[in-house]
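Here are my notes for a first look at this entry. Please read them with the structure open.

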Amino acid sequence: MASSNNKKSKRRFHPVRFLAKFTLVTLLLAAVVMAVYGVYLSRDIEKRFSGRRWSIPSTVYSDTTLIYPGQRIRSDALLEKLQRLAYRAVDHAPKQKGQFRRKGESFEIFLNDVNLIVLERSGFPVKIDIKKGTILDIRHGLSGESIPLLELAPEELMLFFGPEREQRRLISIENVPQQVQRAFMAAEDTRFMDHFGLDLRGILRAAYVNLRHGAIHQGGSTITQQLAKNYFLTPEKTFSRKIKEMVLALVMEQMYTKAQILEIYLNEVYFGQKGSVAVTGLGEASLFYFGKPAAQLTVAEGATLAGLLRAPNRDSPYVNAERARQRRDQVLHTMVEQGWISAAEGATALASPLKPSGFKVYGKKAPYFMDYLSRQAEALYARDDLAKLGLSIFTTLDTEVQEAAEKALAVGLERLEKNDPTLRRREPDRRLQGAIIVIQPKTGYILAMVGGRDYATSQFNRVTHARRQPGSAFKPFVFLSALNRFNPASVLSNTPVTYQVNGKSWRPDNFSPMAAQTVTMRTALAHSINIATVDLAMKIGLDEVVRTASAFDFSTPLAPHPSLALGAMEVIPLELARAYCAFAADGLLPVPLSLKEIGDDHDQVLNRRHMAVEPVTTPAKAFLINSMLSSAVAEGTARSLKGLGIGQPVAGKTGTTNESRDAWFVGYTPEILALVWVGFDDGGSVKGTGASAALPIWADLMRRIPQHLSGAWFQRPAGVVDRVICADSGQLAVTGRCPRPVRELFLEELVPADPCPLHQPPQSRLQKFFEEVKEFVDKL
Amino acid sequence: MWTNFKRLNRWLVLALLLGCAGCATAPLPPSRPPVPAPAPIPTPSPAPAPAPEAPVASLYPTESIRTPPPRAQASLRLTEQARQLIAARKADEAIRTLEKALNIDPQNSRSYYYLAEAWLLKGDSNRAAQFNRLAQSHLGNDRAWRSKVNNQKQRIHKNLARTP
C-alpha cells in the first residue's frame with residue numbers, strides 16, 4: 001500500500017517542476033532554433049559583406065587645369081575654379097588644406113590632397129602672384145621654391161545615380177579621428193565598445209523611460225542594431241522584425257570586430273539631403289557640411305555630425321543652426337562625462353562657432369556634353385553598373401571654357417533678340433537657338449560643348465545631332481581641293497554665270513554686289529565671294545571637291561552639284577568643327593575625344609583613350625588655308641573680330657545660308673578652335689549673317705578664356721615659300737613697275753614663274769627686235 | 001621660204017632704222033602688253049604709273065609669332081616629364097603627358113618624337129610611324145634632332161618589318 005502510495009506520489013503532478021522543465025526545454029529549443037537561425041543569418045551577412053557593400057554612383061570628372069608663370073588668366077575665373085573645387089575662403093594666411101585667401105588679383109592656397117588616377121599629390125601651400133591678368137610667379141608657400149607648372153585637380157561634373165539617388169564617399173575607420181569615432185558613440189551608443197550587440201542596460205532604461213512617458217522616447221538600439229536595421233531589414237516596426245534585428249546584431253558582433261562594425265555604420269548612415277540627393281556616410285557628410293575629408297574633422301565638427309543623425313534634415317546646420325549647435329553640445333557634454341575628452345577640450349569645442357562650409361545643390365553641369373559622354377560610357381558599361389560600381393570617369397572637359405561658352409551663347413542670343421525683337425518667340429521650344437563646340441585641334445580634346453540654349457527646355461544636342469547647311473563655312477574645302485593646281489594669287493572670274501543643274505538654270509549671286517570682274521583666290525575666300533568660288537569649283541571639277549571633302553569624314557552625303565561649292569548641303573556641327581581642326585593641325589584630322597580614362601574604385605585604369613589623328617591633307621596645304629582664312633579675319637567677312645577685342649592672328653570663316661536660316665562662325669588659332677552656330681530649329685530666319693550673329697558670340701567666348709590664346713601663329717612648314725607678286729596679275733611683281741606688290745605664299749611646286757604681264761618695263765628697241773626675231777624663228 | 005627671207009630682210013632694215021631713230025628725242029608709242037592674260041582672266045585696265053618703290057604688303061600674319069616663352073617652357077617641362085615616364089616604361093602616362101604638352105604649345109614638335117617613342121613602347125609601330133612622320137616634318141631642319149628622328153624611323157621600320 002505504502003509502495004502504491006509512493007507510486008501515486010511519484011506520479012503526482014507538480015506544476016512548478018513541470019513549468020521549470022517546460023521552460024527549460026522551450027529555452028533549449030528556442031536556443032537551438034535561434035542558433036540555426038543565427039547560422040542561417042550569418043551566411044546572409046557574410047554573403048552581403050563579402051561582396052560589394054554599397055552601390056556607389058560612378059563620378060564624371062573634368063580635365064585637370066594647368067597653370068604656369070606667364071600664363072594669361074582671369075583672376076575671377078581662378079576664384080570660381082577654387083570655389084567649384086570646394087576650397088574655402090579665409091581672411092588669414094591659409095593654415096589648413098582646402099583654404100585660400102585672395103589678395104587683389106593674387107592668391108594664397110593650401111592645396112588639398114588629390115588621390116586620383118590622373119593626379120596624385122599631397123596638399124601644400126602655394127602662392128600665385130597675378131598682375132594685370134598674367135601669372136607672374138607661382139611659389140611653394142613653405143620652401144619659397146618656384147613652381148614652373150601647377151596642376152589643379154579635376155572637378156566633379158556628374159554622378160551616375162541609381163534610382164535611390166545616394167551620394168556616398170567611402171571612408172576607412174583608420175582615417176576617422178578617434179575623437180570623431182567617440183562622438184558617434186556618445187550620440188548613439190555610449191557602451192558600444194562594451195556590449196555584445198545588445199545593450200541590456202540600455203533596453204531596460206529605454207523601457208523605463210518609455211513607460212514613464214507613456215510613449216516611445218528612447219529606442220535603446222545599439223549601433224550594431226541600427227546597422228542591422230538599416231542594412232538588412234525593411235522599415236516596418238513589428239515584434240518579429242525587432243527579434244530578427246537583435247539576432248542579427250548578436251551574429252554580427254560574433255562575426256566582426258567593433259572597428260569593422262563602426263566603419264560599416266559610418267559609411268551607411270544617412271546625413272540629410274543635398275537637393276534631391278541623399279547624403280550618405282560620414283565621408284560624404286564631412287564634405288557636404290564642412291568641406292573637408294573626414295580625416296580632418298575636429299571634435300566639434302564630429303560632434304555636430306554625430307548630433308544630427310537622429311533627425312538629419314531637422315537638425316542640419318543648414319536648416320537650423322541653433323538646434324544643430326544644441327545637439328552638438330549635448331554630444332560634447334556626453335563625451336566629457338564619459339571621459340573621452342578632457343573638460344578643457346570640451347570647453348574649447350563648445351566655444352567654437354558652428355560654421356558649415358556652404359554647398360551647391362547638385363546640378364548637371366555641361367548637360368549636353370554629359371549626354372554625349374554618357375552614350376560613350378554606356379557603350380562600355382551597363383547603366384546599372386555605372387550607378388553602383390563607383391567608377392571614376394575622366395573627361396577632356398575644361399570647366400572654364402564650358403562656362404565661358406554657356407555664358408557667351410546665352411548673352412549672344414539675348415543680344416540678338418534685343419536688337420531685333422522679331423527674333424524673340426514666346427514658346428520656349430521655338431526660341432532662337434545656338435550651339436558651340438570648342439576643340440583643341442592637335443589632340444581632338446573637346447573642351448566645351450553647348451548643344452542648345454536651355455537644356456531644361458530642349459535636350460536636343462545641336463552640336464552632335466543637328467543637320468544644317470554650312471553655307472560659306474564649307475568654302476575652305478572647295479579651296480583646298482583647288483590647291484593642286486591653283487595658288488592663293490590665282491585669279492578667278494567674278495562674272496555671273498548661269499549653270500544648268502538637272503535641267504534647271506542656276507545662277508549664283510554674291511551676297512553683296514561687287515564690281516570687280518576678277519578676284520584672287522585669297523580675296524575670294526576672305527570675302528566669301530560666291531561667284532568666284534563656284535567658278536573655282538567648276539574649274540577643278542565637282543567630283544574633285546567631293547573627293548577632297550569626303551576625306552574629312554563627313555557622315556552626311558556630299559553630292560557633286562555646283563551648289564555644293566556654296567555649302568548647300570547638310571553637315572553636323574561637330575563634324576564641321578572637326579574638319580576645320582585638320583587645317584589647324586598640319587592637315588591631321590583628329591578623332592574628337594571626350595572620354596580619357598575610366599578607373600575603378602581601387603584606382604586601377606579600366607579603359608583609356610588617347611589622341612588619334614589621320615592625315616587628310618599636307619601640312620603645306622593646311623598652312624595655305626590657314627593663311628587665306630586669316631585674311632578673312634584681317635580684311636574679309638570676319639574683320640569685325642578685331643573691333644570686338646580679338647587682336648591676335650586668327651583664322652576664321654563665316655557662313656550664312658539662304659534667307660539667313662543659319663549663321664556660322666568657325667575661328668581658330670594653333671591652340672584652340674571654336675564653332676558657333678545660330679539658328680531656329682524650324683528653319684526660321686535669324687535675319688543676320690555669320691558675321692553679325694555668330695561671330696560676336698565667338699569673340700565673347702575667347703575674351704573669357706585668355707589662357708587659351710597665346711598670340712602665336714602657325715609655323716610655316718616645309719614646302720611653302722613666299723614671293724612678291726603683283727596684286728593685279730597674280731604673277732611675280734616687277735620692281736618699280738607694279739603698283740601693288742604684295743608678299744604671297746605658294747606651294748613650292750606652284751610658284752609663279754613669269755613676271756607680271758600687266759606692268760612690264762618699256763622694252764628697249766633692241767630687246768623688242770630680238771623678241772620679234774625669236775618669234776619669227778619660233779614660227780619657222 | 002623666199003617669202004620668209006624677204007620678211008627677215010625687211011626686219012633687218014627696220015631694225016637699222018629704229019637703231020638710228022633711237023638717237024633721236026622723239027617719244028615712243030606706248031608698248032602693248034606682250035603676253036595676253038590666260039583665257040578666263042579678263043585683262044584689267046591699265047595701271048597708273050607706279051611709285052618708284054611701292055611698299056610690299058604682306059597678305060598673311062607675320063610668321064615669326066612663336067609661342068611665348070613661358071608657355072613653351074611649361075610645355076617642354078611636360079615633354080621632359082614624358083621622357084622620364086618613357087624611361088620608366090610608363091607609356092600610357094607618357095602619352096597623356098605629351099597630349100597636355102601639345103595642348104599648351106602646339107608648336108612643341110619634340111612631343112611628336114616622344115609620342116612615337118611611347119607608341120613604340122606600347123608595341124604599336126603604325127601609330128609610332130605616324131608620329132615619327134610628324135617629328136620628321138617639324139624637326140627635320142633641326143640638326144640636333146634630325147639624326148634622332150631618323151634613328152627612330154629605322155627602329156620603327158624594323159619593327160614593322162618583323163610584324164607579319
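1. Burial in chain A. This is a predicted model. Buried residues account for 46% of the 780 residues in chain A.

2. Make-up and shape of chain A. Chain A holds 24 helices and 30 strands. Its radius of gyration is 38 Å, well over the 28 Å that the globule rule gives for 780 residues, so chain A is more spread out than a compact globule. Along the principal axes, its C-alpha trace spans about 170 × 60 × 50 Å.

3. Contacts in chain A. Take the contacts between residues at least 6 apart in sequence: 67% of them join residues at least 24 apart.

4. The largest core. The largest nonpolar core has 146 residues. A:Ile436, A:Ile437, A:Val676 and A:Ala694 have the most contacts inside it. Helix 21 of chain A, residues 619-634, gives the largest share of this core, with ten residues.

5. What does A:Ile437 touch, leaving aside residues up to four places away in sequence? Its partners are A:Ile446, A:Met449, A:Val463, A:Pro573, A:Leu574, A:Ala577 and A:Leu675.

6. A second core. A separate core of 47 residues includes A:Val180, A:Ala228, A:Val251 and A:Val269.

7. Chain B. Chain B has six helices and one strand. Along the sequence the pattern reads α-β-α-α-α-α-α. Of its 164 residues, 33% are buried. Among contacts in chain B between residues at least 6 apart in sequence, 51% link residues at least 24 apart.

Notes
Residues are numbered from 1 along each chain as its sequence is written. Chains are lettered from A and ligands numbered from 1 in the order in which they are written. This is a predicted model: local features need pLDDT of at least 70, side-chain atom pairs count only at pLDDT 80 or more; totals for chains, interfaces and linings use all residues. Helices (H or I, at least four residues) and strands (E, at least two) are DSSP runs, numbered from the N terminus. The radius of gyration is taken over C-alpha atoms; the globule rule is 2.2 Å times the number of residues to the power 0.38. A residue is buried if 20 or more other C-beta atoms lie within 10 Å of its own, exposed if 12 or fewer, and partly exposed in between; C-beta atoms are placed from the backbone. Two residues are in contact if their C-beta atoms, placed from the backbone, lie within 7 Å. A nonpolar core is a set of buried Ala, Val, Leu, Ile, Met, Phe, Trp, Tyr and Cys residues joined through C-beta atoms within 7 Å.
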